[in-house]
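Let's take a walk through a protein model together. Have the sequence and the 3D view ready, and we'll go step by step.

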Amino acid sequence: MPYQAAIFDMDGLLLDTERVCMQAFEKACQQLSLPFVKSAYLKIIGRNAQGIEEAIMSHYAQYIEYAPLRKAWMDGYWPIVENQAIPVKSGVINLLEWFKSQHIPVAVATSTHNKLATTKLKLAGLDHYFQHISSGCEVTRGKPDPEIFLLAAQRLNVAPEQCLAFEDSSNGVISAMAAKMQVFQVPDLVIPDQQMIALGHHIEPSLDHVLTHLKQHKEQVNT
């Protein structure tokens, strides 16, 4: 497992934002007298703005147009994430500090818009760890396409094959694997199914477990 860089998804992996976002969507559905269908909502995870609209409207088009639904949703979501520090997921700081001690450059590859991603990371006190942020608004094709991970690797000037990629969502895992990266998945709201498990990437319950794995590997290499 030789690697020269690490690339992280953000929402649901570094920050516990997915639950905040889902709660805001559920509240918007209540305000608009719409059913909240969790299985339909979970299809948006890991997608950029276009993919989110497509996933939501595949179910909600029979009830409402996207614009008013999105407005009610974002009216509940944006005030939180633009002004409050979202809790950092377990193991994040220790893993980022370890990469720093190993002189491994790190970047973010997130489907979230660049400005909001920067705000979230700054409020959480994580922004100084990352050399670059590549966002969904900077690519033509969002996850599960590999474009965003390839962009992040290019900005780090590291070959994709020499990058570790960290994701929580299935769309993100497919994206990183298509970019030929070495992928670790730490599931958040969606547990990997058998089809995902069959891809053969690393699946860990937390980033604490990821750090233990990487340290053990380093010890084995050095002995």
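In what order do the six strands of the open sheet lie? Keep in mind that this is a predicted model. Reading across the open sheet, the order is 3-2-1-4-5-6, and the pairing is parallel. Strand 3 (132-135) and strand 6 (202-203) sit at the edges with a single partner strand each, so one side of each has no neighbour in the sheet.

Now zoom in on one pair. Strands of a sheet pair through backbone hydrogen bonds, either parallel or antiparallel. Here, strand 1 (residues 5-8) runs parallel to strand 2 (residues 106-110), and three bridges link the two. Look for Ile 7: standing opposite, in strand 2, is Ala 107.

What packs on this sheet? Helix 7 (residues 147-156) does, touching strand 1, strand 2, strand 3 and strand 4 (163-167). The direction of helix 7 makes about 155° with that of strand 3. Helix 8 (residues 170-178) packs on the sheet too, touching strand 4 and strand 5 (182-185), and its direction makes about 170° with that of strand 5.

The largest pocket holds about 640 Å³. Its lining is made up of 34 residues, and Arg 47, Ile 52, Ser 111, Thr 112 and His 113 are the ones nearest the centre. Helix 1 (17-31), helix 3 (49-60), helix 4 (66-81) and helix 6 (114-123) each give two or more residues to that lining. Helix 4 gives the most, with six residues. Sorted by class, the lining has 13 nonpolar, ten polar and eleven charged residues.

How values were computed
Residues numbered from 1 in each chain as written. Predicted model: local features only at pLDDT ≥ 70, side-chain atom pairs only at ≥ 80, totals over all residues. Heavy atoms only, no water. Pairing = 2+ DSSP bridges. Helix = DSSP H or I, 4+ residues; strand = E, 2+ residues; numbered from the N terminus. Contact = heavy atoms within 4.5 Å. Axes fitted to C-alpha atoms, helices over the stretch in contact; angles between N-to-C directions. 1 Å grid on protein atoms, 1.4 Å probe; cavity = no way out; pocket = protein on both sides within 12 Å on 5 of 7 lines; lining within 4 Å. Points joined across faces, edges and corners; volume = space filled by probe spheres on them. Nonpolar A, V, L, I, M, F, W, Y, C, P; charged D, E, K, R; others polar.
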